[in-house]
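Please open the structure in a viewer and keep the selection panel at hand.

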Amino acid sequence: MNQANLPSVKLRDLTLNDVEDRYQWCLDKEVTKHLNMPKKYPPFSREETQNWIQKCINKTNGYEQKAIITEDGKHIGWIDLKNIDRLNKHAELGIAIGDKNYWGKGYGLSAMNEMLLRGFNQLELNKIWLRVEVDNEKAIKSYRRMGYVEEGILRQDRLRNGEFVDRLRMSILKNEFLN
């Protein structure tokens with residue numbers, strides 16, 4: 001994928017200063033529509049958000065989660081690797097651009113590129129996979145653009161608003177990404 005036309009981002013470790021941004025983003029149903037969120041609304045209190053971020057900082061929840069920061073220093077979302085299987089060298093990617101002003105402008109692609117580099121080079125993974133709801137067409141398009149390929153449909157894989165929805169499993173291999 002040609003990175004030349006994409007905006008520059010950096011991934012940094014989460015801090016407790018990220019709590020308010022994350023809390024506000026999670027109050028927006030459009031932002032959280034395709035995320036695994038609890039049924040109650042709002043999904044998390046500030047305290048629950050702070051506890052989650054603290055677990056990410058302490059690395060006690062199995063997530064390698066990073067804040068997505070624009071070139072001018074604005075925190076716009078998060079990206080993570082989870083379900084890390086060190087024996088079989090694969091992990092699941094998750095991403096959310098919480099600040100809707102940055103949707104559709106390539107920031108997610110840039111963040112994914114950075115996280116894939118980290119996963120393949122630093123964590124020495126061979127495959128990074130994800131699950132995306134079949135009706136999340138914009139995300140599927142961006143994953144394909146990044147080089148992800150479809151592995152199959154996970155039938156009724158997520159309970160969203162009281163109804164089960166199918167998810168598409170996609171993956172990218174180290175040699176596919178690095179070539």
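A pocket, on a 1 Å grid over the protein atoms alone, is an open set of points where a 1.4 Å probe fits, with protein on both sides within 12 Å along at least five of seven lines; its lining residues have an atom within 4 Å of a point. The model is predicted, so local features need pLDDT of at least 70 and side-chain atom pairs count only at pLDDT 80 or more, whereas totals for chains, interfaces and linings use all residues. Residues are numbered from 1 along each chain as its sequence is written, and side-chain values use heavy atoms, with hydrogens and water left out.

**First stop: the largest pocket**

Select Leu35, Ile95, Ala96, Asn136 and Tyr143: of the 48 residues that line the largest pocket, these lie nearest its centre. The space in this pocket is about 1500 Å³, where a volume is the space filled by probe spheres set on the grid points, joined across faces, edges and corners.

Next, colour the elements that contribute to the lining. Helices (H or I, at least four residues) and strands (E, at least two) are DSSP runs, numbered from the N terminus. Among the elements that each supply at least two lining residues are helix H1 (19–26), helix H3 (46–58), helix H4 (107–122) and helix H5 (137–146), together with strand E3 (75–85), strand E4 (90–97) and strand E5 (127–133).

Which classes of residue form the lining of the largest pocket? There are 21 nonpolar, 11 polar and 16 charged residues. Here Ala, Val, Leu, Ile, Met, Phe, Trp, Tyr, Cys and Pro count as nonpolar, Asp, Glu, Lys and Arg as charged, and the others, Gly among them, as polar.

**Second stop: the sheet**

Now display the strands. They include an open sheet of seven strands in the order E1-E2-E3-E4-E5-E7-E6, with mixed pairing; two strands pair if DSSP finds at least two bridges between them. Strand E1 (9–13) and strand E6 (149–160) are the edge strands, each pairing on one side only. On average, neighbouring strands of this sheet are turned by 30 degrees against each other, direction ignored; the axes are lines fitted to C-alpha atoms, and angles run from 0 to 180 degrees between N-to-C directions.

Select E3. Eight of its 11 residues are buried, so E3 is largely enclosed by the rest of the structure. Buried means under 20% relative accessible area, exposed over 50%, and partly exposed in between (1.4 Å probe, protein chains only).

Gln65 stands opposite Asp80 in E3. E2 and E3 form a hairpin with four residues between them, and Gly73 in the turn has a positive phi of about 90 degrees.

Asp80 has Gly94 as its bridge partner in E4, and Trp78 stands opposite Ala96 in E4.

Continue to E5. E4 and E5 pair in the parallel sense over three bridges, and the bridge partner of Ala91 in E5 is Ile128. Six of the seven residues of E5 are buried, leaving the strand mostly covered.

Most residues other than glycine have a negative phi, and most peptide bonds are trans. Select Lys89, in the loop between E3 and E4. Lys89 has a positive phi of about 60 degrees although it is not a glycine, and it is partly exposed, with a relative accessible area of 35%.

Move to Lys59, in the loop between H3 and E2. Lys59 also has a positive phi of about 60 degrees without being a glycine, and its relative accessibility of 47% counts as partly exposed.

In helix H3, select Glu48; at 32% relative accessibility, Glu48 counts as partly exposed. Show Tyr23 as well: Glu48 and Tyr23 are 25 residues apart in sequence and 9.1 Å apart in space, C-alpha to C-alpha.

How many disulfides does a search of the whole structure find? The search finds zero, a disulfide being a pair of cysteine sulfur atoms within 2.5 Å. Select Cys26, which is in no disulfide; the nearest cysteine sulfur, that of Cys56, is 12 Å away. Cys26 is buried at a relative accessible area of 5%, and Cys56 is buried at 4%.
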